[in-house]
Amino acid sequence: MGHPQNLTASRRAFLGFAAGGLALAGTSGQARAENVKTSAKIVILGAGAAGTALANRLADRLDGARITLVDGRKRHLYQPGFTLIGAGLKPANYSVSTTAQWLPRGIDWVDESAANIDPEARTVTTRGGKKLSYDFLVLATGLKLDWGAIEGFSLDMVGTNGLAAVYAGPEYAAKSWQAMDRFTDEGGIGLFTRPATEMKCAGAPLKYTFLTEDYATRKGSRGRIEINYAAHSGSLFSVPIVNEKVRMLFEQRGIDIAYDRVLKAIDPGRRIATFASPEGDVEMPYDFTNVIPPMVAPDVVRDSPLAVQSGQWLDQGWADVDKSTMRHIRYPEIFAIGDIAGVPKGKTAASVKWQVPVAEDHIVADITGTLSPAIYNGYTSCPMITRIGRAMLVEFDYDNNLTPSFPGVIAPLEELWVSWLMKEIALKATYNAMLRGKA
Amino acid sequence: MKDLTLETLLAVFEEMFGPLLFWAMVAVAAIITITFVFVLIRDRSLEGRTLVRAELSAPIGALAAIWFVQFMTNSGYSDVGGPVDLFVLLLTGVAGAVGLTILVYTVLALLPGKHPRQN
């Protein structure tokens, strides 16, 4: 042991250091704004990413508000995980949790779906006949995958006859992987598509195409495989600079593109897909295809006065909101966030992360009688997987500007391992933190 | 990223590892760091011989850290695609090397009979 005097001195110095550290830790926390007291009745339709995140943030910020979440689904699905499940990199349960585990204390969860909205009377009626009145209504219903619009296709076929449907849910994504695994063993024609409607994560159809090509290359079967991508319009991706990059990568990887083809029917017996095109119906053969149906607003919004009344989305029925504030155009006490919102490019979990604080701030400002400066600029992000182990971290806004989070460090149009690590390791944790209102 | 605050970062790490494991790891790291600082203050300097011996473990720490990151993901060395990837890989190695060196130095310095200022 050292000299007793030395030891005393060191101990004092050490304790001083520790105390200093603690003091520093104490000051690093952010000072929390005081809660807003209110008796407002807030009804949120949908307990997906947007509804759950907003419920947590409002519960945290408001004191005395009556917050009711309406959703009949017992399972919460982490949808950004579907591509990884569909590529055999994660099991089906990777995306599954319960709705209940994310909900804050002190809110009411009505576990039924909403059947009717009356914005004049400010009431929502559930499928079970429960009538809820509101001061603020938030639409976070998500969207409807219109499988019925693809003639000849039904979900029970997924996993057989070369049919994949990654969007349909974690179990179907797992079955899709079985079909992709078989296809990349045996060879043939892979056919990839996307719908002409607005859709959630418009990068996912491209990612799945890249992943299939990558598996074939890794397995040594690439020479026996032809890959065709049927684009719904004249481009692969709505952001021109990203579109051009993907087009170049497709060319490098030997993926052929057919433009202006919208899937309308599948003949699983003959393995033929029929597309609508400017030249009329076109048939394309496949041995493996990932079916992605048109996406529309759920009936409860689509059949209500809240849906868009004119323009390109008339038949899709998205909620008619201001794209900067997420506030309804005709009913100022109503907001829409997530997939249901009638905004361009806004159907990803990343969009949700940016939209939720904006809607939250406007609701709280309304309650306190102030104005909120919060604006959503259309930010969204797409970790565009180009092969297992690499991705491009593509982020952009309404105006097709690239908006990199790490400018000069993580290049948005470069295939990087770091971007893959973010997708595989950090994304789900960030998503979960967002659900809890912490990110 | 929007509002990448310390609070957000902590929330994300809590979700990544689970709150118990995460804070346990933070506690272990804090204890090692505080013990290291204690040893520094006690000895009034870095003891050269102990440091050299501790540094022998650095390559093991570096390799272990890189191996751990590879083990956690469906990716490998062939996926390193740009300068930032190489940088992250090197940073992982450096973190592992420094971490293990500090740990080994602290343990060696605390071993009975190894006190450099003993007279």
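Predicted model: local features only at pLDDT ≥ 70, side-chain atom pairs only at ≥ 80, totals over all residues.
Let's start in chain A with an open sheet of 3 strands, ordered E17-E18-E19 and paired antiparallel. Its edge strands are E17 (262-267) and E19 (282-285) of chain A, each pairing on one side only. From one strand to the next, the twist averages 30°. Strand E18 (residues 272-276) of chain A is joined to E19(A) by 4 bridges, and the two run antiparallel. If you want a residue pair to click on, A:Phe275 has A:Val282 in E19(A) as its bridge partner.

Residues are numbered from 1 along each chain as its sequence is written, chains are lettered from A and ligands numbered from 1 in the order in which they are written, and side-chain values use heavy atoms, with hydrogens and water left out.

Chain A has another open sheet of 3 strands, with the order E8-E9-E10 and antiparallel pairing. Here strands E8 (114-118) and E10 (131-133) of chain A stand at the edges with a single partner strand each, so one side of each has no neighbour in the sheet. The twist averages 20° from one strand to the next. E8(A) pairs with strand E9 (residues 123-126) of chain A in the antiparallel sense over 4 bridges, and A:Asp118 stands opposite A:Thr123 in E9(A).

Now for an annotated stretch of chain A. An unreviewed UniProt entry carries the annotation "domain: FAD/NAD(P)-binding" for residues 41-144 of chain A; such annotations may be inferred rather than shown by experiment, and their positions are given in the numbering used here, with feature names shortened. In the model, residues 41-144 of chain A are 17% helix and 37% strand, and the end C-alpha atoms lie 27 Å apart.

On to helix packing in chain A. The axes of helix H2 (residues 49-61) and helix H8 (residues 349-368) of chain A come within 9 Å and cross at roughly 40°. Axes here are lines fitted to C-alpha atoms, for helices over the stretch in contact, and angles run from 0 to 180 degrees between N-to-C directions. H2(A) and H8(A) are therefore oblique to each other; angles under 35 degrees count as roughly parallel, over 145 as roughly antiparallel, 65 to 115 as roughly perpendicular and the rest as oblique. The residues of this contact divide into 10 nonpolar, no polar and 4 charged. In that scheme Ala, Val, Leu, Ile, Met, Phe, Trp, Tyr, Cys and Pro count as nonpolar, Asp, Glu, Lys and Arg as charged, and the others, Gly among them, as polar.

Helix H4 (residues 170-186) and helix H5 (residues 204-219) of chain A also have axes that come within 9 Å, crossing at roughly 45°. H4(A) and H5(A) are therefore oblique to each other. By class, their contact has 7 nonpolar, 3 polar and 3 charged residues.

Over in chain B, the unreviewed UniProt entry marks residues 20-41, 53-74 and 86-111 as "transmembrane region". Residues 53-74 of chain B are 82% helix and 0% strand, with end C-alpha atoms 35 Å apart. Residues 86-111 of chain B are 96% helix and 0% strand, with end C-alpha atoms 37 Å apart. Helix H4 (residues 58-72) and helix H5 (residues 83-110) of chain B pack at about 130° with their axes 7 Å apart, which makes H4(B) oblique to H5(B). The contact of H4(B) with H5(B) has 9 nonpolar, 6 polar and no charged residues.

Most residues other than glycine have a negative phi. A:Lys345 has a positive phi near 60°, and sits in the loop between strand E22 (334-336) and H8 of chain A. In chain B, B:Arg44 has a positive phi of about 65° although it is not a glycine; B:Arg44 is in the loop between helix H2 (19-43) and helix H3 (48-55) of chain B.

Conventions. Pairing = 2+ DSSP bridges.
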